[in-house]
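Dear colleague,

Please find below the sequence and structure that I am handing over to you. My findings follow, arranged by topic.

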Amino acid sequence: MTTFKRPLRVLLAKLGMDTHTVGVTVIGHALREAGMEVIFTGLKQTPEMVCAAAVQEDVDVVGISTLSAGHTRSLPKLARLLREAGAGDKLLVAGGVIPEEDKPILEQAGVDRIFTMGSDTRDIVAYLESWWAQRLAEDAA
Amino acid sequence: MNRPTGPITPATDPIAREEARWQQETRGPAMGDRPERRDPFVTQALKWPIKPLYTPADLDAIGFDYSADLGFPGEYPYTRSTRPNGHRTDFWTMTQVTGFGKGEDWAKRARYMLDQGLSGLILEYDLATTNGYDSDDPIVEGEVGRAGMALDSLEDLEKAFDLPFDKLRYLMSVCNAPQPVNLAMIIAALEKKGVDPKDFVLHIVNGILIEYTCVGRYIYPPEHGLRIATDCIEYIIRNHPNWAPISIISAQLQPAKANPVQEIAYSLAIACAYIDAVLERGLDIDTVAPYINHFVVNVDMDFFEGVCKLRAFRKCWARLMKERYGASKPEALKIRMMTSPTTIALTLQQPLNNIARLGIMATACALGGAGEAMTTPLYDEAHALPAENAIRVGAAIQHIVAHETGVAETIDPLAGSYYVETLTKQMEDAAFAEMEKVFAMGGALKAIETGYIQRALGREQYERNKDIEEGRRKWVGVNHLTREDEAREIEIFRLDEAMEEEQIRKVRDLRARRDQPAVDAALEKVRDAARTGANMVPPCLEAVKLYATHGEICNAMRDVFGVHSADSQLMGI
């Protein structure tokens, strides 16, 4: 088992008017159980609000849950705002209802990883842990 | 939450003695060294232990008393049915909720449905509307007209109500947070159409408290949400006594993974919050309860949890009205339910399997008493827009259950089953215990404000997801009998940018040509009423008639009430 210097800090957020929270709640519990610090922004957030929260809370990871069709606009905008705020090194991940054909658009725009419906929470935890281990190793080097 | 450890069987009971003998002489030796296929056997949502066998000794152990626990159909405590003749006179009303297109297309779709012989319609709004924004608010970009009709002003409703009102007898309006504004718009639109409100039933869902626990379409802090919902209930009881001022959509708690005990306890505690608030306005319980007894309840795949939940629901409502409020009129003691198979049991994978699931769940609904109406989701629901075939099959499922299975030919046919009565009683007891816990906190409003209910649901969501990921619950197509080659295509709505732009143009155009000083004055009256505690419906009515927009009136209330923002604690994360 990997031990980390400090727990990974994750900001979870929902963009736009979509208010379905079962997915983000399950992820929140799974990450916390894996020892991560989880902060939830609440509902009905704009990209500007999420970016400000990510900077203020000094998180390592920003996780967006989206079940609304607005993700092709809001996610690239969030990625751009994070870069402009000097927070482009944070890991930006998204999950929810995201059609296959949208994935390249989002990845090109700066979303690091997309987990679609039915993803196993253990895979998500493992991905974040390995990203964090690599980041710490890079910092140490 | 209280979980029974399983009934204690008194050893003195002759049947219990026989059961012990059977265990030793017959079952034990037959099992030999082979383990059972599940360890432990538990119900799906509650995870309550299931014994290998239930006998009269179990009924004795829980103190089962036919007269007190069941009684007769149409009589207190209504466990067997609220209807004296069950479904032998009429079947439940068979309904189906389908999408309604968007914007001004709603009238066209509604006319089509009325031509098909329907006399009742359900009007759903987009997320901009239900969250209290106008279509041109930047925060709702991409949501206009998507999940339902876009409603910015009375003009939109005037167009939507271009309908033959001689055919339309019932309209359900699904709008929770901005309900006084929505109610006012509908009243104003009906007036313009010259519809006599006595000849027509408007049913507003008005269920704001559940929104704070799971769905999230709230605007104001919970105390203000409850207050304006109460304004609507009071206004309807006093002015339109033939209308329906609220539905408790227990079927929203269920997909948020409330187990049957939590579902009964929280939805009834929430009903009590509305009842208490209306009673404070000087009405009596026998007048109020028949307006707040309309519930929508889902049934999941655990057949017996489903059947027993519906039976326990009826009894819990009756007991609560009698014991807590001293209600005496049968109309106050009888719950009204619309039941439905749940969508969360349906899978995206292998969608035809969902037809089997729907048939089983609809049978459980019918065996649990069905209620006044039943609605069936569609087997391709997880995919997106329902295909015509799915709509036909959805309707056929209810007819197959009703006409071909015989389950509705006698009243409450599962009554007396040792297992069913044990589970029903355990659910009733546990639901009352959980309700008492909520009442001890100060009631549902307090339990929501402190995040108690949200956290309870959050834990269930996580635990039950783990059951599937770790294989304790087998789900065909998801973690059992899966097919590697299966393409998992999801259709998703694409933004109709032209529609959104048109709606934005319309609302801006309206603002430019109306009597602005009059609108400003009307909005100030809305703020005044919000501050003084006067009923919100009359000032909203005045404002909508002057074409103040939905978002403007919601904003006027935001000025006074503030907005609800939920952090991790309040979201159960």
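Which residue in β5(A) stands opposite A:Gly95? It is A:Phe115. Please bear in mind throughout that this is a predicted model.

The strand β4 of chain A covers residues 91–96, and its pairing with β5(A) is parallel, over 4 bridges. Both strands belong to an open sheet of 5 strands in chain A, ordered β2-β1-β3-β4-β5, in which the pairing is parallel. The edges are formed by β2 and β5 (113–116) of chain A, each of which pairs on one side only. On average, and with direction ignored, neighbouring strands of the sheet are turned by 20° against each other.

I turn next to the contact between the chains. Here 28 residues of chain A are in contact with 32 residues of chain B. On the side of chain A that touches chain B, the elements giving two or more residues are α1 (22–33), β2 (37–40) and α5 (121–140) of chain A. The most comes from α1(A), with 7 residues. Sorted by class, this side of chain A has 12 nonpolar, 11 polar and 5 charged residues.

As for chain B itself, its secondary structure comes to 24 helices and 8 strands. The C-alpha trace spans about 90 × 60 × 50 Å along its principal axes. The radius of gyration of chain B is 25 Å, which agrees with the value near 25 Å for a compact globule of 573 residues. Of these 573 residues, 48% count as buried. Among the contacts in chain B with a separation of 6 or more, 78% are between residues 24 or more positions apart.

Helix α11(B), residues 260–279, has 20 residues and reaches 28 Å from its first C-alpha to its last, close to the 28 Å expected at 1.5 Å a residue. Because 17 of its 20 residues are buried, α11(B) is largely enclosed by the rest of the structure.

The second detail is B:Leu570, which lies in helix α24 (residues 568–571) of chain B. B:Leu570 has 20 other C-beta atoms within 10 Å and is therefore buried. Leaving aside residues up to four places away in sequence, B:Leu570 touches B:Gly451 and B:Gln454. The C-alpha atoms of B:Leu570 and B:Ile453 are separated by 8.8 Å, although these residues are 117 residues apart along the chain.

With kind regards

Terms used: Residues numbered from 1 in each chain as written. Chains lettered and ligands numbered in written order. Predicted model: local features only at pLDDT ≥ 70, side-chain atom pairs only at ≥ 80, totals over all residues. Contact = placed C-beta atoms within 7 Å. Nonpolar A, V, L, I, M, F, W, Y, C, P; charged D, E, K, R; others polar. Pairing = 2+ DSSP bridges. Axes fitted to C-alpha atoms, helices over the stretch in contact; angles between N-to-C directions. Buried ≥ 20, exposed ≤ 12 C-beta atoms within 10 Å, placed from the backbone. Expected span 1.5 Å × (residues − 1). Rg over C-alpha atoms; globule rule 2.2 N^0.38 Å.
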